Amino acid sequence: MRLYDTADRQVRPVTPGATATMYVCGITPYDATHLGHAATYLTFDLVNRLWRDSGHEVHYVQNVTDVDDPLFERAERDGIDWRDLGTREIELFREDMSALRIVPPREYVGAIESVDEVVEFVQKLLASGAAYTVDDAEFPDIYFRADATEQFGYESGYDRATMERLFAERGGDPDRPGKRDTIDALLWRAERPGEPSWPAPFGAGRPGWHIECSAIALNRIGAEFDIQGGGSDLIYPHHEYSAAHAESLIAGRRFARHYVHAGLIGLDGEKMSKSKGNLVLVSTLRRSGVDPAAIRLGLLAGHYRQDRMWTDAVLEQAKTRLDQWRRATALASGPAAADTIARVRQHLADDLDTLKALDALDNWARQALDYGGTDVDAPASIKAAVDGLLGISL
């Protein structure tokens, strides 16, 4: 399998051992699963399936950021305890993933259950000089020095101006008094009134966002694991800092061998976002009677790295394709399937080229429906390959 590595800016081979290792950033459970989430987790589900198809064991870890500001804000708005909100949305997320036939990670790890690990990690960063406490008697927050690693910035490749802009846009606090650099990232937020906190030798508080993923990944699968994945909006600051936190303690080694990012999903020509109120929720589509297999096929109809639009036409095309494949694989016989299945594997292994994989299957289905075939095993073989490789139940 060859995948595009964001850090190296090229498609290159993924070379796992007998057990392939992958860490994918999970949800902050304050709202239902939308198609952007689904597209990201579908991308790494394909990786998981390809590894398994090649005979690898897969140690796949995904976190859940179950303690964070957006969760508190939504809970306060809706008049619900933030823990109850998180529990509800995590359950819905897993129901959606199950409906979409996403193979679950070996480990789901919540931020709350990893607090002790984060505390230990922050202590080490403070001791090494990679972190510091701001001079604030009331709220002595702890920050990571952006210059703590010589290679900082290699993962995103962004220049300083881009980093400053994205840091401010994506949850950073560039104007926090007492910081040594505007883009230094929060490691530990000191206890505030009305916020949850946990005891620590350096003062009660709660984890920052990036350190959570560093600690969970290092403690579950270790350094230099095969793939760190997520949406392209996580490239910076989240993945840059989660890598830097770890690399400041494992000097000279990469956090992950591959950094893989999925494109974003828009709706009818506009960016899909909570602020625009135009999210398409997986659960809403399911409740309206849309077959989850059609949702999955619609998302597979664009290359995973490309930002792309979800439209009624995309969904209708997916429904048509699904119907055609099901009719073809229901035949008593069909054209020989071995070459088609080999091409599907080849296309998926080439940076998850789902467009070519779908075309290969479309061609087989058209031949089967238009001309028939004499191979009585072919329909079942295609059905099994589509199930195992693409996660589509025919």
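Predicted model: local features only at pLDDT ≥ 70, side-chain atom pairs only at ≥ 80, totals over all residues.

Residues are numbered from 1 along each chain as its sequence is written, and side-chain values use heavy atoms, without hydrogens and water.

The structure holds 11 aromatic pairs. Rings of Phe, Tyr and Trp (its six-membered ring) pair if their centres lie within 6.5 Å; planes under 30 degrees apart are stacked, over 60 edge-to-face, the rest tilted. Two of the pairs are tabulated.

| Pair | Centre to centre | Angle between planes | Class |
|---|---|---|---|
| Trp-188 and Phe-202 | 5.4 Å | 85 degrees | edge-to-face |
| Tyr-236 and Tyr-241 | 6.0 Å | 45 degrees | tilted |

Tyr-236 and Tyr-241 are both buried, that is, under 20% relative accessible area with a 1.4 Å probe, protein chains only. Trp-188 counts as buried because its relative accessibility is 1%. Ring pairs link Tyr-236 and Tyr-241 into a cluster with Phe-144, Phe-152, Tyr-158 and Phe-167.

Arginines also lie over ring faces. Arg-94 sits over Tyr-108, 3.9 Å from the ring centre. Arg-180 sits over Tyr-132, at 4.2 Å. The criterion is CZ of Arg (or NZ of Lys) within 6 Å of the ring centre and within 35 degrees of the ring normal.

Tyr-241 also belongs to a helix contact. Contact means heavy atoms within 4.5 Å. Its partners across the contact include Trp-209, Ile-211 and Leu-218 of helix 6.

Technical notes: Buried < 20%, exposed > 50% of the residue type's maximum accessible area, 1.4 Å probe, protein only. Helix = DSSP H or I, 4+ residues; strand = E, 2+ residues; numbered from the N terminus.
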